[in-house]
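The following report describes a predicted model.

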Amino acid sequence: MSSMFHSIAEAKHWIMAMVGKAREAGFPLMKLVRLRGLPILQQLHLEERFLRTSSDNWCLINDGTSSPAIVMGLSGKCSHATVPVSWRYLASLEELIKLLKLSADAKWLQVGKAIHSQLLIRNQTLKHSDITQLNSLIHLYVKCGQLCLARRVFDAMPQRNVVSWNALMAGYLHGGDHSEVLLLFKNMVSLQNACPNEYVFTTVLSSCSHSRRVQEGMQCHGYLFKFGFVSHPYVKSTLVHMYSRCSHVKIALQVLDTVPCGHDNDIFSYNSVLNALVESGLREEAVEVLRRMVDECVVWDNVTYVSVMGLCAQIRDLQLGLRVHARLLRGGLMFDEFVGSMLVDMYGKCGEVLNARKVFDGLQKKNVVVWTAIMTAYLQNGYFEETLNLFTCMDREDILPNEYTFAVSLNACAGIVALRHGDLLHAQVEKLGLKNHVIVRNAMINMYSKSGSIDSSYNVFSDMIYRDIISWNAMICGYSHHGLGKQALLVFQGMVSAGECPNYVTFIGVLSACAHLGLVQEGFYYLNQVMKNFKIEPGLEHYTCMVALLCRVGLLDEAENFMKTTQVEWDVVAWRTLLHACHIHRNYDLGKRIAESVLQMDPHDVGTYTLLSNMYAKASRWDGVMTIRKLMRERNIKKEPGVSWLEIANEIHVFLSEDSNHPESIQIYKKVELLLEMIKPIGYVPNIAAVLHDVEDEQKEGYLSYHSEKLAIAYGLMKIPSPAPIRIIKNLRMCDDCHTALKLISKVTNRLIIVRDASHFHHFRDGSCTCADNW
């Protein structure tokens, strides 16, 4: 028999020879422990059964079945049968070590322990145990996850070599104990005769990478120079990966550039740097690395394609994405779920939803990541209903959604104000135990806020165990959007007290809250002092909030001067904010001048034409109204009709002004007339000045009576039982007359009415509105 096994074939040959001896001996049937799932033994096409026999014998037996079995005896005596002496065989130490390695690869701890016992018996008469045996034992216990036993063997070794150190370090690395890896390395290099090899350095650097310990990684980098491994391909790849994972991408690039002449960087190094650059948002540097990879003709793998497609998605470069997709197809790489999901994500971020859907439909296997990617693509491009339809399809395919899937679905509900659907998703989240994921909670806050249920938003927010910056921002901006400035500022104070550092978005919500409350001094304090303290540079959105703040208190000249003196490129939204204030405060001369400036910036801005026409109408300048309408016809600009809608029992009801297409239109009109009669005794007077037509007053009053929001409110009161709130959505800004009417209707009906128009949320309750009549 050969002294060592060099291949599976040799091991099989030896085992089959021993099986033959067992058969010749006619060994009787025995009940033995059946072992399954061992990779080595599966390759041998055998099923092994082990039995303890005498203290120093190995044997094979046949129990009468078609499958032979191995019996090995390392200690004790067999209580079931006596093994014939004619086929007993004493295994050599080399054979035991070989079988020990096989046991380690198969992760069979019990056999390994038995071999360990045999080695202890064999080595009792020796002065020193063989270091190879002890290293094999460390390897066995590491492979079987028994790090304590491996450490006991290691600590008891009279002598250690580099294999000993690396075997134990690798065990701690795979076990996640990175501190112990670094401690072992420090102990090793402190020895006078220490000589770590490339495998030790790779293990230590990997540990630094996983634990993000860049300082220790830099110290290890210094040892690489000392021991001459800084240019070793594997070590340098791991070093690049460590710096990349620790967000020190510039150092990673420097290491990448230190390759000796005649050697190219491997794909692992490039993938590490490219992925780190993409995650850090360093797009130009990522493109440069990609160009180097192409110039060096580096062969891409799946990880490369994922990183490159992530880059294409970040920079919204569809043409580059198409070329990468074509290269992927030419390369013949298999489309796994990860690559497929990144392709879907890339096309979604580049605005190509149809291409994303084609990739999705072409994938043979679709896991939850792929489904979430296609849902995200539809969500990012405004297809909210299709996003929710995909969620339903995924459920039919028995794919269990994860926290990211629910976050996407909840944000889709926010996009179409589907509060009831959002409630159902909330219930599913609770059922699946995903409610404590921050990303899900943040999506809930957003969904409830944009669906008009700001109290539910706060309930979710206050129940959070951990909040990130998005949680705080969602709550602050939600309160501001609902006109609840005091609550928004209170949440901001709580945020600062909790030690959370505000960011750019936070101060948009804070300054918007100041604008709602008319807090001019406080607003400028936040802009000029607090933002500076947090090292946040104000942007266009912050300055636009300040314009709205000045306009809110009627300081129109100051607002215009602020816009002229602030060094920022103002957009149409900012100028239209000032224009609307001119309309509210009846400063028509300033309004006309600003409107002309806005139309020079954007000749097709329908909102500016509408505001200018309204100002002319309120000033009874009907010639000006006709001029604006003529100009709109010449430029083919059409004003969007006012539309309001509400959801009742999973059905959306849509209303247009003076619309009679609804099946219950007669009853709705009667309800509107009844409501108007109810509120006239408490002060309602039709605001005919809001009618922008040159007609008789009686006809103007008729126009006002059947605006879309009045029809929607009437239908809601007919169908939604008290005390449930009535939630209306309108595509345009609410007119003065409807705003007054809804305040009084909320009082006489004792109902909460929530209206989301083009600019604000309005909460009508007991005769008042949260916007304080300024919107």
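## The S8-S9 hairpin

Strands S8 and S9 form a hairpin with 4 residues between them. The two strands run antiparallel and are joined by 4 bridges; strands count as paired if DSSP finds at least two bridges between them. Within this pairing, Ile 754 has His 763 in S9 as its bridge partner. Strands here are DSSP runs of E with at least two residues, helices are runs of H or I with at least four residues, and both are numbered from the N terminus.

S9 is largely enclosed by the rest of the structure, because 4 of its 5 residues are buried. Buried denotes under 20% relative accessible area, exposed over 50%, and partly exposed the range in between, with a 1.4 Å probe and protein chains only.

## Model and numbering

In this predicted model, local features need pLDDT of at least 70 and side-chain atom pairs count only at pLDDT 80 or more, while totals for chains, interfaces and linings use all residues. Residues are numbered from 1 along each chain as its sequence is written, and side-chain values use heavy atoms, with hydrogens and water left out.

## The sheet as a whole

Strands S7 (residues 726-730) and S8 (residues 753-756) pair in the parallel sense over 4 bridges. Here Ile 726 stands opposite Ile 753 in S8.

S9 and S10 run antiparallel and are joined by 2 bridges, with Ser 768 in S10 as the bridge partner of Arg 765. The hairpin of S9 and S10 has 2 residues between the strands, and Asp 766 takes a positive phi near 55° there.

Glu 647 has Ile 652 in S6 as its bridge partner. This hairpin has 2 residues between the strands, and Ala 649 adopts a positive phi near 55°. S5 also pairs with S7 in the antiparallel sense over 2 bridges, where Trp 645 stands opposite Ile 729 in S7.

## A nonpolar surface patch

Leu 674, Met 678, Ile 682 and Val 748 form a nonpolar patch on the surface, with about 300 Å² of accessible area together. Patch members have over 30% relative accessible area and no salt bridge; like charges are joined within 9 Å and nonpolar side chains (Val, Leu, Ile, Met, Phe, Trp, Tyr) within 5 Å. A salt bridge is a side-chain nitrogen of Lys or Arg within 4 Å of a carboxyl oxygen of Asp or Glu. Areas come from the Shrake-Rupley method with a 1.4 Å probe, and for residues only the protein chains shown count as cover.

Met 678 lies in helix H35 (residues 665-679) and is partly exposed, with a relative accessible area of 34%.

## The chain overall

The protein chain comprises 38 helices and 10 strands. Buried residues make up 50% of its 775 residues. The chain exposes about 38200 Å², of which carbon and sulfur atoms supply 52%.
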